[in-house]
Amino acid sequence: MTNPLAARIALVTGASRGIGFATAKALAKAGAHIVAVARTQGGLEELDDEIRKEGGSATLVPLNLTDSDGIARLGAGLHERYGKLDILVGNAGVLGPSSPIGHIELKTFNDVMAVNVSANFQLIRCMEPLLKQSDAGRAVFITSGAANKATAYVSPYAASKAALETLARAWAQETANTPLRVNLFNPGPVRTRMRATLMPGEDPATLDTAEQVAEFIVPMCAPDWTETGKFYDYKTRSLMSFRSPA
């Protein structure tokens, strides 16, 4: 099939740039109608232009994901318009400060958790009924190696991704006996603005692009993807199961 995701509705957060932008484009190219969510109107309009150039379609939703009521309104709107959601890609995230824990203000920590964890919690709450109306609901959350490495000096980010992983895994267990499949995707170092902020001296030409990464996210959103509660590691191109520490 040239359009394996034809007639499917895909919600992508953080869609105005980076991995979210590239994933939204890739899903649209595969036939999905994109519900693109991001804070940046200009980035969303650029995405819309790119999708339309290739014959796809998108609905643009300028929304700060810390607006939990806004997420609920989005869920209600999708229910009214489509009656279902086939794909959820939880990509939006913030890096937060690069500092020792003792130098980080509580509000700064909470701001990172609000975007990286609480917003995804609210997305799950509001989108689960819609995903269950799909014949093959698929959810993919973008995580980071910082979660299991407990990377120094980015503790809010690392802690938030660890929390996101646990949240997604718990949801996968709760929905294991349904058609809904829930998984995590770790892109590793990628040529994005976030990576450049964290590693300003790194040569971006040595890193894979967001477009390359997105090609591996698309299959996890397809109806024929059967795994759930798993972790795809892009660097090693491997699907992994979680296990307790040795």
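Please keep in mind that the model is predicted.

I will start with the sheet. It is open and has 8 strands, in the order β3-β2-β1-β4-β5-β6-β7-β8. The pairing is mixed. At the edges are β3, residues 58-62, and β8, residues 238-240, and each of these pairs on one side only. From one strand to the next, the twist averages 20°.

Strand β1 covers residues 9-13 and strand β2 covers residues 33-38; the two run parallel and are joined by 5 bridges. If you want a place to look, find A10, which stands opposite I34 in β2.

Next, two of the helices. Helix α1, residues 18-29, lies across β1, β2 and β4, and runs at about 170° to β1. Helix α6, residues 155-174, lies across β5, β6 and β7, at about 155° to β6.

In soluble globular proteins, nonpolar side chains tend to be buried together. Here the largest nonpolar core has 36 residues. Which residues have the most contacts inside it? They are L5, L27, I34, F185 and I217. Several elements supply at least two residues each, among them β1, β2, α2 and α8. Helix α1 gives the most, with 7 residues.

L27 is worth a look on screen. Leaving aside its neighbours within four places in sequence, L27 is in contact with L5, A10, V12, A32, I34, I87, V89, V218 and C221. Two names on that list have come up already: A10 and I34, the residues that stand opposite each other in β1 and β2.

There is also a second, separate core, of 30 residues. V37, A119, L180 and V182 are included in this second core.

Last, the cysteines. A disulfide is a covalent bond between the sulfur atoms of two cysteines. How many disulfides does the structure hold? The count is 0. For a disulfide, the two sulfur atoms would have to be within 2.5 Å.

Methods: Residues numbered from 1 in each chain as written. Predicted model: local features only at pLDDT ≥ 70, side-chain atom pairs only at ≥ 80, totals over all residues. Heavy atoms only, no water. Pairing = 2+ DSSP bridges. Helix = DSSP H or I, 4+ residues; strand = E, 2+ residues; numbered from the N terminus. Axes fitted to C-alpha atoms, helices over the stretch in contact; angles between N-to-C directions. Contact = heavy atoms within 4.5 Å. Core = buried A, V, L, I, M, F, W, Y, C linked by side-chain atoms within 4.5 Å. Buried < 20%, exposed > 50% of the residue type's maximum accessible area, 1.4 Å probe, protein only.
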